[in-house]
Amino acid sequence: MLSAMAPLASSSPGPPKPVTGAVFSGGGARGAYEVGVLSGILDVLSRAGRLERAPFDVCCGTSVGAIHAAWLAAQSHRPDFAMKELEGAWTELTLRRFLKVDPIGLLGPSILRARGRKNHTGNSSRVGRAALDPTALNDLIRSRIPWTQLRHNIDAARMRALVISALHVQSGRTMLFADLAPGIRLPTTKDARRVAVSTHIDAKHVLASAALPVIFPPREIDGAYYCDGGVRFNTPIAPALRAGANRLLVIPLLSGELPKASPRRERSPSLVFLLGKLFNALLLDPVNYDLAILERINRLVRTMESVLDADQLRAVREVLSQTRGVPYRPVETLVFRPSRDIGSLARDYASQLTPRDGPGWLLARLDRLGSVWDTDLLSFVLFDGDFARGLIDLGRHDVERRADEVIAFFGSVAG
C-alpha cells in the first residue's frame, strides 16, 4: 500500500469523503486474475462484516479491464457485485470458441460477419481487420453484462463514474468515455493525447476498448474506429482521480519479478515470441511505471510539506494546479500483483493441450514451449475456462495472504 498525490474533483474544505476507485488494466486472458482479486477482496470484507454496500464508487478500465469495470458498474446495486456470475463467465470459456482464427478477417472487414448484425441500440456493428473471429466476444459482452441495470445504477449514483479507455486509430489519441452520475464531473486534462467524452457507455465502447490490435478487430463508434486503449493508456489511474477517487485499488497483470535468464544459448526470436514481448511492453509494463510515478510524487510532496512554510507551499500547489488543471491531494493505493508469473502458468497449462484444443495447441507448439517468455502471447489469448480458474484461484490466494491489509484499507468505506 502506498499513498500519492491525486487531483481533486472539487476544493471543498475539511477531510475528503472516502471515494474508492478500482483501476483495471488490459491483458487479455490474464484478466481472470483481476476477477480472483475482486472475489478475494469481497470475501474478506464479507467475513469481516464490512460489506453492507458495494465498496467501489469509481471504476476505470482498459481492454479486458473495461469489461470488468462495466460489470462492476452494472452490478453496483449488489454489495457482492454478482462476482460468482462473473467467475462463471470466465470459467465457461472454451478455446475452440474464443480462439477461432478468422482468415477472411485478416484480409479485410468481414462483410458476412458485419452484415445484418445489430447491436442493442439497433445500429450496424462494423469491425476491422483481425486474426480472430470476434463473434464469441461480442456475444459475451452484449449478453452477460446487464446494460439496462448499468444505466439505472449510474443515474441513481450507485456508481459515481465509469470510465472506459479506447485508442482512436486515426488520431492516435486516447478517448476516455466517461459515464458520470448526476452532479459528477470529470475535469479536463491538459494532456492533448487524452480526450474525455461524456456519454452513456454500452457494449460498443467496451468492445472497442477490448479490441487487442491484430488479435481482435477495431470497432466503429459514431463513424470513427477504435482499438484497445491499452496501446497508449493501459492503466487509467488519472481518470479515476479526476472523478474524485481518493483511494485506489490497482491490479497490474505482470508479476513483480522478471524471469531468470536461461543458461542455454539464445535462439532467433520467432514471430510468436516477438508479439508476446510487444504486448508485454504495451499492456503490462506501463502500470508499474505509473505506480512508480505516484510514489515519486508522494515523496516529493512529503518533502515539500516538511521544508516549506504555508505561503510557499500554497504557491507550489497553485503551480501544480495550473499545470494539471486541478489541485492535488493524497490518495492511498492498494496494489495486487500476481505472486506467480502468468506467462509461466500459461506454459505449464499449454503443455497439457491436445490437438482437440485447436489453435491454442498449435500456438503452443510454434515455439515448442522452449522458455517462459515464449508463451507470453499465449497467456494473452488463452481464453480457456480451466486456465481462467487457475488465475482466479491465484488472485484469491494473493488477497487472503493480505486480508488484514484489505480490511484496513477499505475501513468504513465498505461498512
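Visitor: Leaving out residues up to four places away in sequence, which residues does H168 touch?
Guide: Keep in mind that this is a predicted model. H168 is found in strand β4, and its relative accessible area of 15% makes it buried. Its contacts, not counting residues up to four places away in sequence, are R173, M175, A224, Y225 and Y226.

Visitor: And which side chain is joined to the side chain of H168 by a polar contact?
Guide: Two side chains meet here at 2.7 Å, in a polar contact. One belongs to H168. The other belongs to S171.

Visitor: Where does A157 sit, and is it buried, partly exposed or exposed?
Guide: A157 has a positive phi of about 60° although it is not a glycine. You'll find A157 in the loop between α8 (147–155) and β4 (161–168). Exposed would take over 50%, and buried would take under 20%. With a relative accessible area of 46%, A157 is therefore partly exposed.

Visitor: What about D222: buried or exposed?
Guide: D222 is in the loop between β7 (219–221) and β8 (224–228). Phi of D222 is near 50°, a positive value in a residue other than glycine. Its relative accessibility is 74%, so D222 counts as exposed.

Visitor: How many residues of helix α2 are buried?
Guide: Helix α2 covers residues 64–74 and is mostly covered. Among its buried residues are V64, H68, W71 and A74.

Visitor: Are C59 and C60 buried or exposed?
Guide: The cut-off for buried is under 20% relative accessible area. C59 has a relative accessible area of 0%, and C60 is at 0% relative accessibility. So C59 is buried, and C60 counts as buried.

Visitor: What is the volume of the largest cavity?
Guide: Rolling a probe the size of a water molecule over the atoms shows where empty space is left. Searching the whole structure turns up three cavities of 30 Å³ or more. The largest cavity has a volume of about 280 Å³.

Visitor: Which element gives the most to the lining of the largest cavity?
Guide: That cavity is lined by 22 residues, with V64, I67, W90, L137 and L140 nearest its centre. The elements giving two or more residues to the lining are α2, α3 (83–91) and α7 (135–144). The one that gives the most, with four residues, is α7.

Visitor: By class, how many residues in the lining of the largest cavity are nonpolar?
Guide: Sort the lining by class and you get two polar residues and two charged ones. The nonpolar residues number 18.

Visitor: Stepping back, what percentage of the residues of the protein count as buried?
Guide: The protein has 18 helices and ten strands. Among contacts between residues at least 6 apart in sequence, 79% join residues at least 24 apart. Of the 415 residues, the share that count as buried is 55%.

How values were computed. Residues numbered from 1 in each chain as written. Predicted model: local features only at pLDDT ≥ 70, side-chain atom pairs only at ≥ 80, totals over all residues. Heavy atoms only, no water. Buried < 20%, exposed > 50% of the residue type's maximum accessible area, 1.4 Å probe, protein only. 1 Å grid on protein atoms, 1.4 Å probe; cavity = no way out; pocket = protein on both sides within 12 Å on 5 of 7 lines; lining within 4 Å. Points joined across faces, edges and corners; volume = space filled by probe spheres on them. Nonpolar A, V, L, I, M, F, W, Y, C, P; charged D, E, K, R; others polar. Polar contact = N/O pair within 3.5 Å; in protein donor to acceptor, adjacent residues only side chain to side chain. Contact = heavy atoms within 4.5 Å.
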